Amino acid sequence: MKPKRSVKILELRSFESYMPSLSITTELETLGFSPVTEATIVADGKFWSRTVYRKGIEEVSVSDEIGEVTHLKDPIVTLSAKKETLAAIKKII
């Protein structure tokens, strides 16, 4: 008889946030996530700072537009996480 394997199901979600990215990253670290990589991305004539955080198999990226802009900048949070983590992060953003 084969032992049952525990399958961790992750969901992929992306949210815009009205909170500053520093507040989001502070909360992620409180939840146990650690930064693993950073990059600057250029897309559609805009510059974005992206930081990826990881906790076990879960991963969160926080992208924030950088530079002088005339419109409101909203950080974008993309998650590949368990339902419980999604719910906790939705509360903070």
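Which residue just after helix 1 takes a positive phi? Here are a few friendly notes on that and on the packing around it.

1. Glycine 32 is the residue in question, with a positive phi of about 100 degrees just after helix 1. Helices (H or I, at least four residues) and strands (E, at least two) are DSSP runs numbered from the N terminus.

2. Please keep in mind that this is a predicted model, where local features need pLDDT of at least 70, side-chain atom pairs count only at pLDDT 80 or more, and totals for chains, interfaces and linings use all residues. Residues are numbered from 1 along each chain as its sequence is written, and side-chain values use heavy atoms, without hydrogens and water.

3. On confidence (pLDDT, the predictor's confidence in each residue, from 0 to 100), the protein has a mean of 84, with 86% of its residues at 70 or more.

4. Ile24, Thr25 and Leu28 of helix 1 are buried (under 20% relative accessible area; exposed is over 50%, partly exposed in between, with a 1.4 Å probe and protein chains only). They lie on the same side of helix 1 because they cover an arc of only 95 degrees around the axis, taken from the directions from the helix axis to the C-beta atoms. Exposed Leu22 and Thr30 sit on the face turned away from that buried side. The cover over the buried residues includes strand 3 (46-55), strand 4, strand 5 and helix 2.

5. Tyrosine 53 is in contact (heavy atoms within 4.5 Å) with residues including Thr25, Leu28, Phe33, Val60 and Val62, leaving aside neighbours within four places in sequence.
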